[in-house]
Amino acid sequence: MNACRRLVCPRLTSRAALLLPLLLTGCSLFPTTRKLPVPKPPLVTQTISPEELVGHLNDRWAAINTLTAKVEFHVSVAKSKEGVATDYPSVEGHIIMRKPALLRVVGQMIGIRVFDMASDGNDFTLSIPHESKVIKGSNSVKHKSANAWENLRPGFFFDALLVRGLDPNNPDDHYSVTSETFMVEDAAKKHLFSVPEYILRIARATAGSQKETPVRVVYFHRDDLLPYQQDVYDSDGNLETQVIYSSYQDFEGGKFPSTVTIKRPLEETQIVLTVEDVHENLPIADDTFVLKTPEGATVVNRD
């Protein structure tokens, strides 16, 4: 008996003591292999240089001088602190633009005009006929109104419908391009898709400092090199407007998103534009962008 004990290696005894709890609990020290979903890549993935991507964006921006779009407006305003959101009835209308910054936006419901806004690029006039009110002021929102329509500004629509090119005459604006891939799961078909993209980041250098303030971020799918999202920042580097482009269709003049979602996170406002028709580079008279104050309307001046 003692001889048998002498034949047992103390090291093996200690190992057995460690293995015994694992065996009793059903645990295994051996690796197991499991299958993972294999992402399906897009049929086409284009590869271009950062300079070519910026050139592609600049060419598209330069090719458009005027834009006329027939749209349907869907406006929602959230009050996250109160846990409520207000969805306004949909409104049909038109958006008319002419570079560099002329704009006219008209909305109507059942033939009745709901709002009418015109801008020369610096100042705007917003008419709300059913309230017999006209608001005039600068293009930027400095004092938020409880009425969602009174917070409409020309820049919302100009930045949303047209993705601006980079100004080659502005040396303070720098850009960088990164390539990334994210996964999208189709729960119904139980498929996983890989979506390669280019991300164009535009930042503005601060004089006398190494600091850069974000200006815009534009996201492109690499199958068609069309922008599907644009983030616009204010002068303090806060995310001011987020625009999502989806369901591109062939309109007159080329492809254009049939749905444009404008999100204003600071104001908790969302405007969804359902685009029904688009025309590019049609001649537009100057008086199209002039809005006369209706007789008897109350004029409110906003900073």
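Mentor: Happy to! A salt bridge is a side-chain nitrogen of Lys or Arg within 4 Å of a carboxyl oxygen of Asp or Glu. The model is predicted, so local features need pLDDT of at least 70 and side-chain atom pairs pLDDT 80 or more, while totals for chains, interfaces and linings use all residues. Residues are numbered from 1 along each chain as its sequence is written, and side-chain values use heavy atoms, without hydrogens or water.

The structure holds nine salt bridges. Let's start with Lys 133 and Glu 131, whose side chains meet at 3.7 Å, N to O. Lys 133 counts as partly exposed because its relative accessibility is 22%, and Glu 131 is also partly exposed, at 35% (buried is under 20% relative accessible area, exposed over 50%, partly exposed in between, with a 1.4 Å probe and protein chains only).

Now turn to Arg 98 and Asp 286, which form a salt bridge at 2.8 Å, N to O. This pair ties together distant parts of the chain, 188 residues apart: Arg 98 lies in strand E3 (residues 91-98), and Asp 286 in the loop between strand E14 (269-280) and strand E15 (298-302).

Lys 99 and Pro 100 are joined by a cis peptide bond, with omega about 10°. Pro 100 belongs to the loop between E3 and strand E4 (102-109).

The pair Glu 267 and Arg 264 makes another salt bridge, at 3.3 Å, N to O. Here Glu 267 is buried, with a relative accessible area of 9%, and Arg 264 is buried too, at 7%. The next residue, Glu 268, has a positive phi of about 55° although it is not a glycine. Glu 268 is placed in the loop between strand E13 (254-264) and E14, and it counts as partly exposed because its relative accessibility is 29%.

There is also a network of salt bridges, linking Arg 104, Arg 113 and Asp 116. Leaving aside neighbours within four places in sequence, Ile 95 is in contact with Arg 104, and with others including Phe 73, Phe 157, Leu 161 and Leu 273.

Ile 95 belongs to the largest nonpolar core, which has 48 residues; Ile 95, Phe 73, Phe 157, Val 260 and Leu 273 have the most contacts inside it. (Such a core is a set of buried Ala, Val, Leu, Ile, Met, Phe, Trp, Tyr and Cys residues joined through side-chain atoms within 4.5 Å.) Strand E1 (residues 66-79) supplies the largest share of this core, six residues.

Phe 157 also brings helix H4 into view. H4 (residues 154-161) is mostly covered, with seven of its eight residues buried. Among those buried are Phe 156, Phe 157, Phe 158 and Leu 161.

Notes
Helix = DSSP H or I, 4+ residues; strand = E, 2+ residues; numbered from the N terminus. Contact = heavy atoms within 4.5 Å.
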